[in-house]
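Please read the points below with the model open beside you.

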Amino acid sequence: MSERIHWADMVAASVKGDIPHRVATGITPSGPIHIGNMREVLTGDLVYKAMVERGLAAELLYIADDFDPLRKVYPFLPETYAAYVGKPLSDIPCPCGEHRSYADHFLTPFLSALKELDITPKVLRGSELYRSGAYTKEIATAIGHTAEIRHILEHVSGRTLPADWAPFYPVCSVCGKLSPARILEHDAARHTVRYRCACGNEGTADYSKGEGKLVWRVDWPMRWVHFGITVEPFGKDHATAGGSYDTGKEIARRVFRCEPPHPVIYEWISLKGKGAMHSSKGVVVTINEMLEIVPPDVLRYLIARTRPERTIDFDPGMGLISLIDDYDRVSHEAEGREYELSRIASIPTRIPFRHMVTVVQIAHDDRRLFQCLSRTSYDVTNADGILRQAERVRAWLRKYAPDSVKFSVKEKLPVQAGELPEEDLRALAAYLEFLKALPAWSADAIHNGVYDVAPRCGTDAKHLFELVYLAFLGQSRGPRLGWFLEALGKEFVTGRLSEAVYPCVL
Ligand SMILES: [Zn+2]
Ligand SMILES: [Zn+2]
């Protein structure tokens, strides 16, 4: 165990020990759910797991805000969606036609990603909670305290609200929008309000049937009291002075008579070179795209190893390789709190990502992949794990890998390798003899051989490396030579080098 106390354990240690805890997370499914959003749920999950390990009674909730209205036509939507602006996300058709609703279109892949990440919250939907009447009592309280809530919002946030402002937006029976209609009358016994919508319609909304919703700044503290939320991670935008956590705290204490949850404020994840991720701007890597490339435990590790208040500048190129290397190191040692909180049930292959990057570029199909791997000392019994890892590496090469790690083994001896001066050919020939004489075809021996052979031929190792790469790749650099030649196999390697040095042997 590391001596430093992990941030998730610090949160678990700072909450009361003798009450049941609920850790709340939530995301509005208004667009692709990206790895920036994932920080919310992963932060909640890490704290939740730390609390359970500490012996606290705890539950993790995920509340999908699918009853929120569509705010605008995002760049990824067709113009026809203008007709749905203002309507609840749960009531808008899905953009691809295969999901129950707009909200489900984005939620379904996200929920399956959570499963892969070993996050198993109780999933709740705002639309179902409102429509089932779950919040009836709290909505009545909020509308009944309209003046006090307005006073809090104006004093704490410093903004001025219209005189006829109300904390409840009805769904208009004519235009179908959740709108800041004027509330004319409240009948708490019948749980209805009479309203006048901006469209001109005057109607009655029954809030026990979900015919309306509390505004965000009131909805949030309402959930704290409804579910008994004791811990909640949220982004720094809610944590500013006078922001929704500040007003929520006051509303919770003075209107709903409950204590606000322990806040865990997290910073954004930005994409290296592209800035913070925003689904509305299209600068995103969705969590599902990320899981196509990064093993789920490594994604957990990315969040676990960084204190929530620190920004993560995620680099899906070479930065990903270093992240995976770091995780491999802690997992081989099988110790440390960050590893404990990151590991999940799947069985790792123990093949380094970097090595797989070489192997998949040599082997173009699964049969050859296993052939290649069986030439090396790696255990290939976990075939499913290996195939999944290979798929991730192929996706990484396709989407994020820098050109410097890409190569292709030439089918024939590259022309440049056939035009080498005699001293180069002699050095290659000496290396070939060395390889032929190797008692065991192992990466280390193959690699170290270059350092033995080069000085004997009056050249330096760097140059000999370049010559060998040239014979296989037609370029003077390539992947780590030992792994590379080991995976290519002795027969192919000695055959190709014999061809290259042929003029010399004559
Ligand atoms: Zn869809
Ligand atoms: Zn209307």
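1. A donor is an N, O or S atom within 2.8 Å of the metal (3.2 Å for Na, K and Ca); water is not among the atoms, so sites may look incomplete. Along the chain, the donors of the zinc ion (ligand 2) follow the spacing C-x2-C-x21-C-x1-C. These donors are C172 (SG), C175 (SG), C197 (SG) and C199 (SG), at 2.2 to 2.4 Å.

2. The model is a predicted one: local features need pLDDT of at least 70, side-chain atom pairs count only at pLDDT 80 or more, and totals for chains, interfaces and linings use all residues. Residues are numbered from 1 along each chain as its sequence is written, chains are lettered from A and ligands numbered from 1 in the order in which they are written, and side-chain values use heavy atoms, with hydrogens and water left out.

3. What is the arrangement of the 4 donor atoms around the zinc ion (ligand 2)? It is tetrahedral, because the donor atoms subtend angles of 104 to 118°. Four donors count as tetrahedral if all angles lie between 85 and 135 degrees. For comparison, the ideal angle for four tetrahedral donors is 109.5 degrees.

4. The zinc ion (ligand 1) is held by C94 (SG), C96 (SG), H99 (ND1) and H105 (ND1), at 2.0 to 2.3 Å. Its donor residues are spaced C-x1-C-x2-H-x5-H in sequence. This site is also tetrahedral, with angles of 101 to 122° among its 4 donor atoms.

5. Are H99 and H105 buried or partly exposed? Buried means under 20% relative accessible area, exposed over 50%, and partly exposed in between (1.4 Å probe, protein chains only). H99 has 27% relative accessibility, so it counts as partly exposed. H105 has 18%, so it counts as buried.

6. Helices (H or I, at least four residues) and strands (E, at least two) are DSSP runs, numbered from the N terminus. In helix 1 (residues 7-14), the buried residues include W7, A8 and V11. Contact means heavy atoms within 4.5 Å. The buried residues of helix 1 pack against several elements, among them helix 2 (35-53), strand 9 (231-235) and helix 12 (337-342).

7. L61 lies in strand 2 (residues 58-64) and is buried, with a relative accessible area of 2%. Which residues does L61 touch, not counting those up to four places away in sequence? They include R22, V23, P121, L124 and F227. R22 is 39 residues from L61 along the chain, and their C-alpha atoms are separated by 7.0 Å.

8. Helix 18 (residues 461-473) and helix 19 (residues 481-488) have axes that come within 12 Å and cross at roughly 35°. Axes are lines fitted to C-alpha atoms, for helices over the stretch in contact, and angles run from 0 to 180 degrees between N-to-C directions. From helix 18, F465, V468, Y469, F472 and L473 meet L481, F484, L485 and L488 of helix 19.

9. D118 has a positive phi near 60° and is not a glycine; it lies in the loop between helix 3 (102-116) and strand 3 (122-125). H191 is likewise not a glycine and has a positive phi of about 45°. H191 is in the loop between strand 5 and strand 6.

Note on methods: Four donors count as tetrahedral if all angles lie between 85 and 135 degrees; four count as square planar and six as octahedral if opposite donors are over 155 degrees apart and all others between 65 and 115; anything else is irregular.
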